[in-house]
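Here is a short report on one protein chain. Look over the sequence and the fold, then read on.

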Amino acid sequence: MTSPAYPTARREGRPSILVIRRDNIGDLVCTTPLLFALRERYPNGHIAALVNTYNEAVLAGNPAVDAVYAYEKGKHRGETRSIISVYGDRLRLIVTLRRKKFDYAILATAGFEPRSLRLARLIGARHVLGYTEPGEAHFRLDIALPYDRGSKEHEVERVFGLLKALGIQGPPPSARVFPDPGERRDVEQALASLGSGRPVIGVHISARRENQQWPAEKYAALIRAIAERHAVRFLLLWAPGEADNPMHPGDDGKARTIAESCDGVAILPLPTRALSRLIAALSLCDRVICADGGAMHLAAALGKPILCFFGDSPPERWRPWKTAHELLQPASRSLRDLSVEQAVAGFERLMHVRPLPQVP
């Protein structure tokens, strides 16, 4: 059922809106077009976001939001943090948000999300907008839009479609993120050790799912092949940690293998211990090479041309949004079957469309 109250907010132009997106980094990046559209429609409204501590840095410095609230998921807590303290902090945050008396909570996901709905109920928003299964009704989801499971739309378009209930039509704008100036200066200073003037190719090697992981030896061979053809510097980026860490697996070993195999190449290994560091590093790149994932969406939100590798994720939903890119996906849907030769050819095609800056 659609509430008759939401047109009033459009006339007044000053609604208080809480956008809830509790998923991964790329999911939140794909929600930023919705935030900018809300700000354009309600320049005097109060627009806030409820996210988690893992993806919070995506919204750092974002001028479309007045406030960002973040809670820690149990699986993201540090080794010295008890689960009781995690849920205690979450309860205090919910109490704080209840006091804000939001007019709207928007469940910014591409389908029905019961946990986000539960949060919206606890926060006590006057109206809750979100997707639901066709023909289903849910308590306190009073502005419910049916979603199409078979949709071929991009994630950005799916989430942005919720705004139809508020009279906001597409197409969605670009996604945007904003690097921290201090982090950017630190990475820039580190890059200076490789000299100056030459373009920077960012190579992000980490991916969560096995079918999205490209082997270290292939990344190394691609880097060497590009170095032979172009006068560039490389920024090697990865999630730090050992691969067998059950809580936070990382790619320290993979990065070591790549760096050791690229002797003589101008390459700076840079583990990204914080998401803000990754955003800053990507902002300094002229091109980015990576698998589908959070880093790819961040690079797209920074307007970087991307050579992206897709394993078993659907490109129509997760391709880079509104930036030049060359997308490679093996027929097997496993990146282990993507050859170095195919990657080199893909990079050269990207170069043809968007040539690198000329070295003076």
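## Overall fold

The secondary structure of the protein chain comes to 13 helices and 12 strands. Helices (H or I, at least four residues) and strands (E, at least two) are DSSP runs, numbered from the N terminus. This is a predicted model, in which local features need pLDDT of at least 70 and side-chain atom pairs count only at pLDDT 80 or more, while totals for chains, interfaces and linings use all residues. Residues are numbered from 1 along each chain as its sequence is written, and side-chain values use heavy atoms, with hydrogens and water left out.

For 360 residues, a compact globule would have a radius of gyration near 21 Å, and the protein chain agrees, with 21 Å. That radius is taken over C-alpha atoms, and the globule rule is 2.2 Å times the number of residues to the power 0.38. The C-alpha atoms fill a box of roughly 65 × 45 × 40 Å along the principal axes. Contact means heavy atoms within 4.5 Å. Take the contacts between residues at least 6 apart in sequence: 63% of them join residues at least 24 apart.

## Surface and charge

Buried residues make up 55% of the 360 residues. Buried means under 20% relative accessible area, exposed over 50%, and partly exposed in between (1.4 Å probe, protein chains only). The accessible surface of the protein chain comes to about 16,300 Å². Carbon and sulfur atoms account for 49% of that surface. Areas come from the Shrake-Rupley method with a 1.4 Å probe; for residues, only the protein chains shown count as cover.

The protein chain carries 49 positive and 39 negative side chains. Lys and Arg count as positive and Asp and Glu as negative; His and the chain ends are not counted. The centres of the two sets lie 6 Å apart. Each charge is placed at NZ of Lys, CZ of Arg, CG of Asp or CD of Glu.

## Helix α3 and Arg39

Helix α3 is largely enclosed by the rest of the structure, because 8 of its 10 residues are buried. These are Thr32, Pro33, Leu34, Leu35, Phe36, Ala37, Leu38 and Arg39. Their cover includes β1 (16-20), α2, β2 (46-52), β4 (104-107) and α6 (155-160).

Arg39 sits in this helix, which spans residues 32-41. Its relative accessible area is 15%, so Arg39 is buried. What does the side chain of Arg39 meet in a polar contact? The partner is the side chain of Asp66, at 2.6 Å. A polar contact is a pair of N or O atoms within 3.5 Å; within protein, one must be able to donate a hydrogen and the other to accept it, and residues adjacent in sequence count only if both atoms are side-chain atoms. Leaving out residues up to four places away in sequence, Arg39 touches Asn44, Gly45, Ile47, Pro63, Ala64, Val65 and Asp66.

## Helix α11

Helix α11 (residues 294-301) is mostly covered, with 7 of its 8 residues buried. The buried ones are Ala295, Met296, His297, Leu298, Ala299, Ala300 and Ala301. They pack against α2 (25-29), β7 (200-204), α10 (275-283), β10 (287-291), β11 (306-309) and α12 (315-318). Just after α11, Gly303 takes a positive phi of about 75°.

Thr132 belongs to strand β5 (residues 127-132). Thr132 is buried, at 4% relative accessible area. Its side chain makes a polar contact of 3.2 Å with the side chain of Glu133. Beyond residues up to four places away in sequence, Thr132 touches Phe112, His138, Leu141, Ala144, Leu145, Pro146 and Tyr147.

Ala266 lies in the loop between α9 (252-260) and β9 (267-271). Is Ala266 buried or exposed? Ala266 is buried, with a relative accessible area of 17%. Not counting residues up to four places away in sequence, Ala266 touches Leu194, Arg198, Val232, Arg233 and Phe234. Ala266 and Ile279 are 13 residues apart in sequence and 21 Å apart in space, C-alpha to C-alpha.

## Two lysines with positive phi

Lys101 is in the loop between α4 (83-100) and β4. Its phi is near 50°, a positive value in a residue other than glycine. Lys101 is exposed, with a relative accessible area of 63%.

Lys322 lies in the loop between α12 and β12 (325-328). Its phi is positive, about 55°, although Lys322 is not a glycine. Lys322 is partly exposed, at 47% relative accessible area.
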